[in-house]
Amino acid sequence: MKVLAFTKYDREAASTRQRLLQYLPAFSTAGITVDYQPLLDDAYIRSLTGHGKPSRARIARSYLSRLATLRRRPDADLIWVYAELFPWLPARFERVVHRWGIPVIYDFDDAFFVPYDEHPRGAARLLLRDKLRPLIEGAAACTCGNAYLRDYAARWCERSLVVPTVVDTERYVPVAAPDAPPVIGWIGSPSTWANVRPLLPMLAQLHRETGARIRAIGAGRGAEADRFEGLDLVEWSEASEIAEVQRFTIGIMPLIDAPFQRGKSGYKLIQYMACGLPTVASPVGVNRQIVIEGETGFLVENANQWRERLRALLADPALRARLGAAGRQRAVAAYSLANEAPRLIELFRSVAG
């Protein structure tokens, strides 16, 4: 089987690695070859973290190149689309992928429709209304990162199913507890760092009271303005990502309760749990399903609850070990590449016929 895959970004984006690239070895073994074509390259991703500025000319060329590809009949048995084909262009551009009658699987793990539906400018909302509908409506199947997204897709695609974002639990493994001081860790991107900012005063106080370090991976250069004594800002790299998570003592995932955040797929929680870490998270969206309250971690709603739960975990190594072990078991059972790869392969085969 030949699959032509269209991603939004190249491999430095977690979405590309986790939703597609990590499956390629299993696909290859199953006789599925994948030609993946990112719209925006890794230089664009690095520009989002403060390394240079995106080139508008380069972006324009990327859009034109993708349009040219879609105007020719692809040599493929199936087309796989992640997120959208042409961000910020009207919905009719998304319809181009269906012109050849090749089966399409549409995949998304974020509420990409929210920035269009809730754009502050009325003209933009009108122009971009139902932006994703042509992709979803014409798809043979939609794979959705969580039930919130599945319910959205099911309005137009009957075969919409939840495929959680998973990790390779052979690589994400627990290691010996890090040396003192303990580390409250977060991993993400510059765009998701905004969810952490409301907690920074509490985290700074917690550092002063307990000595715990706060370690943020991938927050970007814009987070430098938030720096305080006890906050370590570390650049993300694919090579060091797993080792950085393994340095944490506790993993956190705060989320602002808003429509876009409700579509998040909880990837960082799964990374933490696979590494045997206790988790503390906001009870927003899929976090409610990933974290089992009091068993793998805690769901907390305000700064006082965050403080109480983090203090309890910092003070009790046995509690951390118990929650971390249960989280590891849950990651292996419900959020592992080994479990999801066969399921995705079967879906691709059934759609391609």
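Tutor: Start with glutamate 293 and arginine 309, whose side chains meet in a salt bridge at 3.5 Å, N to O. This is a predicted model, where local features need pLDDT of at least 70, side-chain atom pairs count only at pLDDT 80 or more, and totals for chains, interfaces and linings use all residues. Residues are numbered from 1 along each chain as its sequence is written, and side-chain values use heavy atoms, with hydrogens and water left out.

Student: What counts as a salt bridge?

Tutor: A side-chain nitrogen of Lys or Arg within 4 Å of a carboxyl oxygen of Asp or Glu. By this rule there are 22 salt bridges.

Student: Where does arginine 11 come in?

Tutor: Arginine 11 pairs with glutamate 238, with the closest N and O atoms 2.6 Å apart. Glutamate 238 sits in the loop between β9 (231-234) and α10 (241-246), and arginine 11 in the loop between β1 (2-9) and α1 (14-19), so the pair ties together parts 227 residues apart in sequence. Helices (H or I, at least four residues) and strands (E, at least two) are DSSP runs, numbered from the N terminus.

Student: Is glutamate 340 buried or exposed?

Tutor: Buried means under 20% relative accessible area, exposed over 50%, and partly exposed in between (1.4 Å probe, protein chains only). At 9%, glutamate 340 counts as buried, while its salt-bridge partner, arginine 343, is partly exposed at 35%.
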